[in-house]
Structures are given as C-alpha cells and as structure tokens.
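I opened the model today to look up a few local features. My notes are below the view.

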Amino acid sequence: MNQLSEYICDGTPQRIVERYASLPQLAQEMDFGPFDTNVVVLDTETTGVSFKHDELTQIAAARLEKGEVVDWYVTFVNPGKPIPEDVVHLTHITDEDVADAPTPQEALAALVEFVGDATVVAHNANFDRTFTTRHPEGYPLLENLWLDSLDMARISLPRMKSHRLIDLVKAFGAPVSTHRADDDVAATCALFRILLAAMSQMPPALVGKIASLCPVEEWPTGAAFAYFASLHEELPFSLRRMRREALKGVDLTPKRSLSSVMEELPTHLEFPTAEQVAADFAPDGLLSHIYGGYEPRAEQEQMAQAVRAAFEDSTNLVVEAGTGVGKSMAYLASAAALARDNDITVGVTTKTNALLDQLVYKELPSLAKAMADEDPTAAPLSFAPLKGFSHYLCLWKLERLVEDGAQLVNVHNRSVSQAPSMAALLSYAEQCDYNDLDTLKIDFQTTPRYSFTTASHDCLRHKCPYYNGQCFVFGARARAAASHVVVTNHSLFFRDVATDHALLPATPYWVVDEAHGAESEARDALSCNLEVAPLRRLARKVSPTANRRNIYDRIVKVAVPAGKEEASTLLYGLLQKAKSASQLYAEAVEEYARSLKGLLFFDEKRGSKSYETVEIWLNDDILSSYTFKDVKEKGLALNDAVERLIAASQEVVTYLEDLDGCESVQRELASAVLDLKCIVGTCDVLFKNVSDRYVYSAFLNRKDDKGTDKLQAQLFNVGGYLDEVLYPATRSIVFTSATVTVDGSFQAFFDAMGLNTSESSACRSLELASSYDFDRNMVIYVPKDMPEPNSPAYLDALSEFLAQAHLAQNGSMLTLFTNRREMERCFDGVSPVLKENDLRLVCQKWGVSVKGLRDDFVADEHLSLFALKSFWEGFDAPGATLKGVVIPKLPFSKPSDPLSCERANRDDGAWKRYVLPAAVTEIKQAAGRLIRKATDEGAVILADSRIVSKWYGKIFLRSMPSTNVRVLTRAEIVAELAVAAQARNGNEN
C-alpha cells in the first residue's frame, strides 16, 4: 500500500485509494472469461517512432492462460539500417545484436503463426499494431482483436500519476520493465489482469456507457468494456447520479461567515505573538515535530516574525529569502496560526503548480499534524488548492460531448477515435471529488481541452444543472472557502483582481510566493486579446452550415414536436433571425482574420525565413495607418455582428424558458451568448476606446492561416492598477522570492508592483541571505575572451567552449539558452564531440517532452542538457546530477518586444529601469538551479563577455548569490573545471 500510494495522484479520495489497493488480490482471484484464455501479449522495439521510415529491431510475444505465461516468441529483427544512439541507450539493443537476426518479413511471418486467432494485448497498441502490419507478412494480424493496455489504464486508473508501463508495474509490484521487448511483455502480462480487475470495479452503468461510445471496429479496446457490461443488467447511465454517488460524505460547510469577518477586521482578530513565533522555531518547537533532526535557522525565524508583524500591523511586506532559508514554512506558520485561531481564510499564491502541490500535499499536511499534536484541543487546520476555471472538468460540457458520441478525428492523417479520451473523462468524474485536471492523461489531439472545460465568462453558474454541489469548479471554490488556508496560482489571483474579487474566497491576508514573476503574471491576467481560432470555434458552434452539433438544429429537434411545426411559427422566425445573424458573424470573423494578415507589412524581418510567427508592436504610426484602419473597420464590423447575434440569440433563450425539455439546448445557447459578450468587451478595448493605459500588439503567422493570429492589449502600468484595486481591498500582502532584489535594492520590484505609492500600498522590505554557504559551494566563471553575442565568431567559439567544459567536468551540465536556433546549432557542434567520449547530451527540440527531459536528467548522473526558458526556474536536480550551469547569453528581452518598445517610447531610461532588472532576475533564477541543498556544489558559467566589457556587468555580478567570481580565459576555466572534477572523483573514491 505504501508503495502504491507514491504513484497515486495527491488528493485522490480515500475510497479510490482503497479500490486501487485491492486490485492485485482481485486479479489473482477473479475469472475474466474470454480474456483469461487465448491471449497474446506483444511488444516491439524499433529504430524510431516514424511509421514510414523506421523498422523493427525486436519482437516479443507471450501466450497468456489464466494469468500464466505458457509460451513465448522472442526474436531480434535486422532492420536493415543502423540503430540510432538514443535508441541503443534506451533499449540496449545494438547493431551487433541484430546483425544475424531475421528480416522484418521473416520475423512477422513467424509472429503471425504464433499469435493465431488470439486476442492481442499491447501497451500503446496502435504503435505495435502499425509496425507489425506494415509488411504483407503481418497483414493477418489486422484481423485479430487488439486491446490497448494503455487505454485500459488511463480509463480504469485515471488517478495514477503516470500510465507508463514502468511506473504501473512498480506501483503494483509487478516485474520492472527495462525497455526491452521481452521484459516489457512480462510486465504487461502481470499488469493486464490488474487492469481487468480495475475495470470490474468501475460502476456497471459507467462501464456500459463506455462500451456504447463507439463500435468495436473504431475502438477495439471497447470490447473489454462490453464484456464487463454484459455481466450486469443493463442500467441507464446518468452523469448526475454518478457524481452524487462520488461525492457522498464530502463536507463543504464554511467555517465562519466571511462577510462578518471582513466587518470585524482587524480589531477583533487574535494575532500570533512574537513569543509564540519564537517558540515555533525553537529547537524543540513546532517545526521540530515536522522535520527530523531540525536545526533552527535564524533567517527562517526572522522571516516568520516579519510576516507576523506585517499581518498584525496591516501593512505589506517584501522578503527576499535566499535558497535554504525555508521560506515556505516561515510564512505558513504565521499564516496558519492566524487563520486557525480566528477561523478565517488566509490565501497563498504561487507561480508554479509544482510549488502549489508541494504546499497543499506536503508542507500543509505536515504543519497541520504538528499543530494538532501541539494543541489537540484546537480546531484542526484545514487547507485546499484552488485553480482557474480551465483547470477543472466542466460536467455540463462533458455531458454534451458524451451525448454527441465519440467521433473519428483526423490526427496526423490518421483516423483516431475520441472514445478512449471520453471514457477517461467519465471515469475521472467518478473517481474524483473536486480535483483539477492537471494530472489527467488523455489524447488532447482527439478531444481538445476547450471541449470539456469552461472559462469564468461563459460558465452558466446557477443555470447549470451541476452547479449545486456537483460542479468541479464551484465545489473546489466552496471547499477553499471552508478552509483556513487556500493555495492558488498567480494567474487566478490576478484574474480575481480583474473581476472585482469574484473568483477567490474573500480574505484580507495573502502571501505571494515566487513573487519575482508576479508582474508578468498580472499583466497576462489583465490583458485581453481577439484571437481568430476561438472566434472560428464559436462560429462553428452557431453557424447554420456547421455539422450536426449546430445548436439551432438541435433546438428545432428538441423544441418542435413532430406534427406541430405550424404551431411553432414564432420559434422558427426567431431561429431564422438568429441563423442569419450567425451567418453574418461567421463572415465577419473571416473578414477580420484576412485583415490581420495586412499587418505583416510592418514586419521588419519579413524577408527572413527563420521564424514562422511574428510579434508586432502597434505604435501610434501603425494605429493611424490605412492598414490598421482596415483592421479596425473589420473589427468594428465584427463587433456589430456579435451584438446582432447576441440580441437574436437572447430572444431564442427567452422563448425557450417556458418550454419543457429544452433546458439543455437553452443552456448551450446561453453559454454561446456569454462568449459573445466577452468579444464585445474586447472589441471595446481594441477598437473603440484605444487608450495609453494599454500596449497594443499583433501576433501573426507569416505562412499559414492556423487561427493563431490575434490582436492583444496589455496593461502598461500594472503597479498603478494594483494600487487602485488590490491593496485597498486587502489588509496585508506578503511578497516573497529568492530573487526580487537587483544590486541589493528592492526598488525595481516596488515600481513593478505599485508598492509604496499610496497609504494602502505602504510596504516594508527584508533581505535575508541564504542559509547555505554559496561562496564556498558556487564558483561563478566569466570567460573574458569570449566573442560578444553579436559577433560572427560567437557561436563557433561557444560550441567549442561548451564541448571542452563538458569534457572537463565529465558531463552533468545544464546549459540554458535564450534562442532555439542558437541552441540547436550548438547542439549539432557539441553532441558529436561528447559522443566520442561516451558522454550523453540531449536537447529540448520541438516536440520533445519537457517532463521526459527532466526525468532523464535527474536519473542519469552524467547526462547533460541544452534547454530553453522552461528550465530557467522551477527545475530541481539536487546532488551529483547537476554540477554546472552554463548561461551563454544574458536574457535581455528582444528589442522588438512590444512592451519594451512602448516603455522605451515613453521613458528614455526604460532599458535601465525595466529591461536590466528583469534580466538580472532571470539570471539569478537560472543560477539558482545549481544549489538546491546545503551539500550541493558546482560552477555557474556566465559565458557572455558583456559581463566584463559593459557597465551593467557589475550589477549582474553583485546580484548573484555567490561572491566567488572568477574572470578567466576559456582555457583557464576549462582547466579549473577539470581539477574540480578530479577532486570530486578522488573524494568519492
């Protein structure tokens, strides 16, 4: 059970945890009928993933009878081409292994004979089925029934963190896969019965519904669900009934009236005292019950005292707490005590979901237990996560999706059924209370996220049949309002500000963690844009020429009884008016989309073929040009068409109000109206009331009309806006991060967030050094002989230096680029050199999984990685897996960035005031990847020679956590890295 719990998603209801835990025993005891006999489990290895260009290297198949393997077929396959190095590393199958092996045709002929008419089971079956049936010798396998154990796992076990074969077998104690076909088959054999047991424990009505989503010909795995459905009397499926059953026992009663709390503040609140906080952080205090071998850190207590004082004094606070201070517990201890002792809600907001989950599922449970142990008579501390609308399943949309049935969708020129994704969504709804979708694993290409999630502006709220207790979004909100501590993300926090605090529980006390990214997140949340793809999606929804999902046709089907068409003249008239308006809207969308392409005239690099997309700052000259005049005319015409469609659709909604059986179609049309109203508000900002409060820009695709073109309006002065609407509505906000100062000053952060500009935004600051010895553990190297980034010799010199540095240190390096082309060019130069010396280097190329790269890097001590912005922060690789961080170029924003252009246009000192501090903060974040524990050590290489040649270089160096800076030649740096590597090896030996 303990092993399994590590693989189940945090927050999974206990009933589901117990269900999963029972599966191994059930798998041994149960009879699975036709799937207990004549089953062949199959796996293949190949030279790559291209169905056109790659070939088989190994086939393994095992015949399974009642869970026991009774026969094997295993063979290497000669693919007729070299096996790529990364495939060799993954599978350990070499060219020597396959040199004398059968050809693909010979191996497949033998496989067909072995399989016969058996049911075939494979993990990600489409892959194996395609490779085993691409030659005529394998064609007979097309007649077999193929079950996909990956689909089965995603549907029956949606609350698992991963559905990779290796993770599933570890979770349930089956044989561990090693990425060889024979081992994978053995693992799948053990897993198969567990998955069958999991399917048997799903509600029969749900299983029956999944089986009916589409024909077996379109989704063969549906045959397994059809079998389990046949074991029970046919039951009508109801999503509402299923959710009611799933939520039995869930208590969402608020702890206290929040409105009364707001009226009492702050005179009737009991705040922790300085003595209580000191006791919490004493050697035998509260934290000693949480952490074994706890050693007090003066910096941590100092921060906790500052947070306590800020809450009590109703003032704001900014804290820079270096790595190792323990800032999470420093603010949580004071915040939790305030919330619990007064039975109110205190909020915490973070930038990344990783930290959000760590707080909710690691830090806060530990703190709650320690507080309960310390004072068993006090109320238990409660806490809950809360994310934005799009992070939760919309049950009303899911119901509509299921009613329409699973479609065949074209994905990369291949017809793929929506059934597996829809089945996983239904199962997820049964196995959750109010969990978010962030851990859900489905094929989003067949079933896009927007098809089963909603947004704040188009949520039906009280008009939705799931609103009362069953809704994921409002259930999560109610749970948050009933909790002492609510943990959310920056995006929702600032969207709540923009919507007059309508999205989060009312609380006057907030902690904003990872605050270095707060201004950027606020600007994103407060911006508005008019993108072509969502406009077209809405047009397809309401257009009279669309497919059978057209809303108006469904209204006629539901609202007009057969034989009574003449009595529905008024409805037909209203629908015809709405159809005409929707047609005008669809035409206006296309006119607007075509007009946007005209703005490519202002693309200063339009002759370049380097980038497919371009971002254009819409300055006053462009806004007053004839080209933009055309865009504005089309935008205003779109606005008029939208308003006409809103009026016509609302008449239909009103008419349907009094008709029985029309609730569903009425809600669907009402949802479309809400979407349309949002467009009107955006058009007002973009076309009707252009204001210097905003920065205007266009995002365009140079080549194709993919629907990604859009106009955007960003708020220029985020801090000024926050001073108007955020700080007056709160008592105290604590901002904290390891990287908010620049050259020892908080001023850039104050300016960005509008602090110390009014009475309500008054702010204190506190800078706390790291509890770790950075000067000893981190060496900062600056090569003084590196060509500057604009030099033609720069990339060749960088590639050579990176290769030498990696060899000297024996790998384990993370190189963080700001430019994809430069990264890929360096990779092409460095990778062959490292390969010759038996060192692996991987690169964050297009389509490569970020999570996969992170996992591989942490698992392989000598692996090195070339990566982009997604690795600059929030990536932890403690210990020997990361010994060096290289930053080739200072991360200044692009000169063409619209916000930077607008700032420069308004302020001669904008570069120093905005661009430089942002770059310093990013460098500090990147360098912070190196030291994550007190024992970590290594080198940070700032490979941009502007650090020593430009006046601002000293600002970067003075802002770094280590003062151990070495300005040397590239050769000298490589030599020192080699000496350090030898010393480490000597210590390890």
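I am working from a predicted model. I started with helix α17, residues 327-342. It has 16 residues. I checked its span from first C-alpha to last and got 23 Å, close to the 22 Å expected at 1.5 Å a residue. Is α17 enclosed or open? I found 15 of its 16 residues buried, so α17 is largely enclosed by the rest of the structure. Next I looked at what follows α17 and found aspartate 343. The phi of aspartate 343 is positive, near 55 degrees.

I moved to strand β13, residues 528-531. Its side chains alternate. Cys528 and Leu530 point to one face and are buried. Which strand does β13 join? I found β16, residues 710-715, joined to β13 by 4 bridges. The two strands run antiparallel. Opposite leucine 530 I noted leucine 711 of β16.

I picked serine 732, found in strand β17, residues 732-737. Why does serine 732 count as buried? Its relative accessibility is 0%, and the cut-off for buried is under 20%. I then listed its contacts beyond four places in sequence; among them are Ala310, Phe311, Asn316 and Trp510. Pro508 is also in contact with serine 732. Proline 508 and serine 732 are 224 residues apart in sequence, yet 6.6 Å apart in space, C-alpha to C-alpha. Last, I followed the side chain of serine 732 and found that it reaches the backbone oxygen of threonine 315 at 2.6 Å.

Notes. Residues numbered from 1 in each chain as written. Predicted model: local features only at pLDDT ≥ 70, side-chain atom pairs only at ≥ 80, totals over all residues. Heavy atoms only, no water. Expected span 1.5 Å × (residues − 1). Buried < 20%, exposed > 50% of the residue type's maximum accessible area, 1.4 Å probe, protein only. Pairing = 2+ DSSP bridges. Contact = heavy atoms within 4.5 Å. Polar contact = N/O pair within 3.5 Å; in protein donor to acceptor, adjacent residues only side chain to side chain.
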